[in-house]
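Here is a guided walk through one protein model, taken a piece at a time. Have the picture open while you read.

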Amino acid sequence: MNEHNYDIIVVGSGTAAQTFIGDIVAYAGDLRIAVITESPAGGVCALEGCNAKKFFCEISSTVLKTKHLLGKGFKKLSVPDWEEALKQKTAFTDPVSERTIEWLISKNVSCYNGGARFVDETTMKVGEDVLSAEYIVLATGARPRKLDIKGEEYVFTSKDFLEHKNFGRSYVFIGGGFVSAEFATIVTGFGGETTIINHSDHLLNTFDNDVVDEWRRSAEVDGIKFQLNIGVKYITKEPNGKLKIFLSDGTSIFSDYVVNGTGRIPNVEELNVDRANIVLDKRGIVVNKYMQTSNERVFAIGDCINTMQLARLADCEAHVAAINCLKKIRERKSPLVSFNYLAPAIVFTYPQIAMVGKTEQSLINKGLRLGIDYEVSSGKDVRWANDLREGSRFSSFKIIMSPDSRKILGAHIFSPEPSGCINSIKTAMLAGRTVEELWRETVLSPYPTRESDLTYMLNPFLQEEKLKY
Ligand SMILES: Cc1cc2nc3c(=O)[nH]c(=O)nc-3n(C[C@H](O)[C@H](O)[C@H](O)COP(=O)(O)OP(=O)(O)OC[C@H]3O[C@@H](n4cnc5c(N)ncnc54)[C@H](O)[C@@H]3O)c2cc1C
């Protein structure tokens, strides 16, 4: 048994861990830091998540865009090549692990490879090494939920999908979350047949129902099939190599590949958190706004905690934890800090689905009434100039405002490039600006961009007397 002592132990080497360590070494390079990580180092975002998948999203959305523009400037579809796209992705992902370790070593961080477990409140064990520290930061991420059905061994995880070499003719996605929506779009763009199977008719359930319905109409026209309110009972492999998927209504379908898109669960079981008095709930480690767990010597950040699983949210949490960890070590009495942040999210289908803030459904569930407690500006299949040029047949938006404060409560957009609009709305929400103030700023957006469409979305809210400069 080898015993070591550090100022901070970080468990994990994904984006949350790297952001935390980046802050600590920038502001307190003298602290002794250890990282315990399982292989490969680097984390989900770079290796098998946001960045990896985008190599395929770029190609498939370009193909789908040309499909929407057939007869409007394109005579035929552009032809994607799975092998080429896979090569591009692999050239990006292959060096990630080694570079992560090199970067950690260059910052004088001690690296331990393996699964970390708590021994007590401030001590962890990895292999034959026992590490203790003043503070511990958990950044262990999440992994795909198991299906627990017969034939699970034939089912791809999202990682398997992003690494498979032989593009198939048909794919079945189990689950109606973002992995199924995005990866089914990828398959469609690359010319495969896709079916999404979901146990309810509610897809992408953190997003607005109406906007998601519009995506579904659009996806169906692009070739994605949906089998809703149905479960998968088991899967077998036929002698010809095809997979046979047996459904809860007694029917079955065949497919080359089946992909698990039923969601991701936090990596917490292996940690022995009960030895460190750390409280969990169903969605992960419970933290306060300073990113402290129920054991105030342990912080937790990223996908392993009970917030949304988004890369930049993981980074924000890491910044908060780093500031507070440093405050604890350096200025023992000064108050801890929290950030005022809002996490926007985009599903990279084509067109994309974007959101920030509240959904209308969540307001209704709280007993709030349309026209009294909140107002909506919404549109469907609008034919603004940008939509006509991009050949968009389907589009949708919904902005929700509080009539009392005239501030935006939530925004939901289905369009080829919703990111600029959603980000402008997020900034206005954070700054507490009214719809009239946001409208005035938006009038001077570069034209004709998607961002400039925001004025049209806000128009129905405007009150003349409040627009006066
Ligand atoms: C297919 C896919 C697409 C995604 N697309 C997007 C997107 O478009 N936008 C977006 O914002 N987010 C996206 N995400 C989510 C995003 O990738 C995560 O939010 C982000 O990577 C979380 O980072 P993290 O550092 O918390 O965890 P991770 O990156 O998962 O890192 C966890 C680390 O902990 C280590 N570890 C785990 N358990 C132990 C243990 N017991 N001991 C030691 N080490 C351990 C692992 O080896 C790993 O290094 C996507 C995710 C997936 C799967």
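How many bridges join β5 to strand β6? The count is four, and the two strands run antiparallel.

## Before we go on

This is a predicted model, so a bit of care is built in: local features need pLDDT of at least 70, side-chain atom pairs count only at pLDDT 80 or more, and totals for chains, interfaces and linings use all residues. Residues are numbered from 1 along each chain as its sequence is written.

Two strands pair if DSSP finds at least two bridges between them.

## Two hairpins in a row

Back to those strands. Strand β4 covers residues 117–120 and strand β5 covers residues 123–126, and they pair in the antiparallel sense over three bridges. R117 has K125 in β5 as its bridge partner. The two strands make a hairpin with two residues between them.

Next comes β6, residues 129–138. Here V126 is the bridge partner of D129 in β6. The hairpin of β5 and β6 also has two residues between the strands, and in it G127 takes a positive phi near 55°.

## The nonpolar core

In soluble globular proteins, nonpolar side chains tend to be buried together. A residue is called buried if 20 or more other C-beta atoms lie within 10 Å of its own, exposed if 12 or fewer, and partly exposed in between, with C-beta atoms placed from the backbone. A nonpolar core is then a set of buried Ala, Val, Leu, Ile, Met, Phe, Trp, Tyr and Cys residues joined through C-beta atoms within 7 Å.

The largest such core in this model has 121 residues, and V10, F20, V137 and I301 have the most contacts inside it. Helix α9 (residues 311–330) gives the largest share of this core, nine residues. Contact means that the C-beta atoms of two residues, placed from the backbone, lie within 7 Å. Skipping neighbours within four places in sequence, F20 is in contact with V10, V137, A139, I301, A318, A321 and A322.

V35, in strand β2, is another one to look up. V35 counts as buried because it has 29 C-beta neighbours inside 10 Å. V35 and V10 are 25 residues apart in sequence, yet 4.8 Å apart in space, C-alpha to C-alpha.

## Around the ligand

Which residues are closest to the ligand? They are G12, G14, G43, G141 and G302, out of 35 that surround it. A residue is near a molecule if its C-beta atom, placed from the backbone, lies within 6 Å of it.

Several elements each supply at least two residues of this shell: α1 (15–27), β2 (33–37), α2 (44–48), α3 (50–68) and α9. By class, the shell has 16 nonpolar, 14 polar and five charged residues. For this count, Ala, Val, Leu, Ile, Met, Phe, Trp, Tyr, Cys and Pro are nonpolar, Asp, Glu, Lys and Arg are charged, and the others, Gly among them, are polar.

## A helix and a covered strand

Among the buried residues of α8 are V211, W215 and D222. After α8 comes G223, with a positive phi near 115°.

Strand β10 (residues 193–198) is mostly covered, with five of its six residues buried. Strand β9 (residues 170–174) pairs with β10 in the parallel sense over five bridges, and F173 stands opposite I196.

Look for two cis peptide bonds. One joins Y350 and P351, with omega about -15°, and P351 is in the loop between β20 (345–347) and β21 (352–357). Another runs from Y447 to P448, with omega near -5°.

Why does N108 count as exposed? N108 has 12 other C-beta atoms within 10 Å. Its phi is near 65°, a positive value in a residue other than glycine. N229 has a positive phi too, of about 55°, and lies in the loop between β11 (224–228) and β12 (232–237).
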